[in-house]
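Please keep the 3D view open as you go.

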Amino acid sequence: MEDKQYMEYVHANAQKSNHLVTLVWAFIVGGIICCIGQGFGDLFKFALPNWEKSKIAALVSMTMIFLGSFLTGIGVYDKLGAKAGGGSIVPITGFANSVVSPAMEFNKEGIVLGMMAKMFVVAGPIIVAGTVSSVASGIIYYIVGLFQ
Amino acid sequence: MEMFLGYVKAFAIGGLVCMIAQILINKTKMTSARILVMFLLLGVFLEVIDVFKYIENFAGAGITIPITGFGSTIVKGAKEGAKIGFFEAITYGFRNMAGGLTAAVFFGFFFALIFKSHSKKA
């Protein structure tokens, strides 16, 4: 009986520390990815002084997506994701990973129905949510604008 | 020095956002698709209530590199388009998604062609 209780105690503690370890990993990896993005932002601002802010921001996103896709391609990002969890999912590189990873996985089932279709297993919901909120907020802003 | 501080802030806020995601993953076993949609909608919400720009001024890439930034640019586009007309109001949000989506789909296709799957699941 005491053995069992002890095992439960150990198990509960181990889970707690695992939980904390994943949080630290997510924080550090997520923070580093954001710093890399900040670095590209500063670099592009310096290199392309004529570009407007929104275009620079889009270019930074695209660069990060390129990096995320590439690192997924060579198999590094998924290894990182196993440790970092939320730290690798939430940054825009994680969005890229969610596109490339199933695309690679299902490539063997054919280009059209495998790769091209399965590419949107995770990205699809994001595109739908984004489009719906885009149209909804657009209509709201348009109506609000009519009364101003 | 000011630039360095910008990186510290980006690290702290970006890390914090990711840590919140990790807490959700640990506590609710949410899949990455749900997490991404949730944080996208969080960005949309923060932009609609006009709070996003204050966080962005403070944290820079710490809030724009997480998918919350994607949500915010969508609403920014819609806001901009609504000033021009109805058609622009409903399409400019997607226009702001164009860069990221193009990159994701194109590089997704490109790298999936080049590299073989590393996962041993199959």
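## Ground rules

Two residues count as being in contact if their C-beta atoms, placed from the backbone, lie within 7 Å. This is a predicted model, in which local features need pLDDT of at least 70 and side-chain atom pairs count only at pLDDT 80 or more, while totals for chains, interfaces and linings use all residues. Residues are numbered from 1 along each chain as its sequence is written, and chains are lettered from A and ligands numbered from 1 in the order in which they are written.

## Chain A as a whole

Chain A has seven helices and zero strands, where helices (H or I, at least four residues) and strands (E, at least two) are DSSP runs numbered from the N terminus. Its pattern along the sequence is α-α-α-α-α-α-α. Of the contacts in chain A with a separation of 6 or more, 58% join residues 24 or more positions apart.

The radius of gyration of chain A is 21 Å, whereas a compact globule of 148 residues would have one near 15 Å; the value is taken over C-alpha atoms, and the globule rule is 2.2 Å times the number of residues to the power 0.38. Along the principal axes, the C-alpha atoms of chain A fill a box of roughly 70 × 45 × 40 Å.

## Where the chains meet

The contact draws 65 residues from chain A and 68 residues from chain B. On the side of chain A that touches chain B, helix 7 of chain A gives the most, with 17 residues. That side divides into 37 nonpolar, 25 polar and three charged residues. Here Ala, Val, Leu, Ile, Met, Phe, Trp, Tyr, Cys and Pro count as nonpolar, Asp, Glu, Lys and Arg as charged, and the others, Gly among them, as polar.

## One helix pair up close

The axes of helix 7 of chain A and helix 5 (residues 68-82) of chain B come within 8 Å and cross at roughly 35°. Axes are lines fitted to C-alpha atoms, for helices over the stretch in contact, and angles run from 0 to 180 degrees between N-to-C directions. Residues meeting here include A:G130, A:S134 and A:Y141 from helix 7 of chain A, and B:F70, B:I74 and B:K79 from helix 5 of chain B. By class, this contact has seven nonpolar, nine polar and one charged residues.

## After a helix in chain B

Just after helix 1 of chain B, B:K29 takes a positive phi of about 55°.
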